[in-house]
Amino acid sequence: MAQDAKPLLIKRYASRRLYNTETSDYVTLEDIAGFIRDGREVQIVDLKSGDDLTRQYLLQIVAEHESRGESVLPIDVLTDLVRSYTTQAQSVVPQFLAMSFEMLREGQSQIVDNMTRANPMSAMPGFEEMQRQQQAFMKSMMAGWPGVKEPDTASSGDDLDDIKKQLAELQEKLSKMNK
């Protein structure tokens, strides 16, 4: 896990080709998405200028997935994101998103537990493996978000109440900001 401590450095050449400095070969955006899904942090820099291009490429990966019908972001969320770039609420949006994903991560184990209890499929062979994969997916999806902590494996029965309380507090703060 020591190699995962520092980001995988990808260099972008003038030809716009992306070069993996660890394996000394060229990579595609899909390769980079795979590294991220596997839990790796990735940093993409322009070889000539040294500019950090990571954000630009991550947005491009998201846009490509969305355009292929792999929609994760509802239209109203995308619309609100576009609006946030032109309003004074812009400074609040990153913190709100980070807090939302933190709440999602904290509540994910409770949600999975509730789904297992209520789901008749939980008795099917292989369900535990599917559940483990879902948890790994959520962990990798949320990894690297600023302000987002690792989920506690020891969750109490009050997690759902805590999430509801936090959501209510966030909604109240947003209401005050809009006034």
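Throughout these legends, a residue is buried under 20% relative accessible area, exposed over 50% and partly exposed in between (1.4 Å probe, protein chains only). The structure is a predicted model, in which local features need pLDDT of at least 70, side-chain atom pairs count only at pLDDT 80 or more, and totals for chains, interfaces and linings use all residues. Residues are numbered from 1 along each chain as its sequence is written, and side-chain values use heavy atoms, with hydrogens and water left out.

**View 1. Arg68 and its two salt-bridge partners.** Arg68 is partly exposed, at a relative accessible area of 44%. Its side chain meets that of Glu70 in a salt bridge with an N to O distance of 3.2 Å; the term denotes a side-chain nitrogen of Lys or Arg within 4 Å of a carboxyl oxygen of Asp or Glu. Glu70 is likewise partly exposed, with 38% relative accessibility. A salt bridge of 3.5 Å, N to O, joins the side chains of Arg68 and Glu30. This pair links distant parts of the chain, 38 residues apart: Glu30 belongs to helix H1, and Arg68 to the loop between H2 and helix H3 (75–84). Helices here are DSSP runs (H or I, at least four residues), numbered from the N terminus.

View 2. The side chains of Glu30 and Arg37 form a salt bridge at 3.2 Å, N to O. Glu30 is partly exposed, with a relative accessible area of 39%, and Arg37 is partly exposed at 39% relative accessibility. Through shared partners, salt bridges join Glu30, Arg37, Arg68 and Glu70 into one network. The whole structure contains five salt bridges.

View 3. One cavity of 30 Å³ or more is found in the whole structure. A cavity is a set of points on a 1 Å grid over the protein atoms alone where a 1.4 Å probe fits but cannot get out, and lining residues have an atom within 4 Å of a point. The largest cavity holds about 30 Å³ of space, a volume being the space filled by probe spheres set on the points, with grid points joined across faces, edges and corners. Leu29, Glu30, Ala33, Ile61, Glu64, His65 and Arg68 line the largest cavity. Helix H1 (29–37) and helix H2 (54–67) are the elements that give two or more residues to this lining.

Terms used
1 Å grid on protein atoms, 1.4 Å probe; cavity = no way out; pocket = protein on both sides within 12 Å on 5 of 7 lines; lining within 4 Å.
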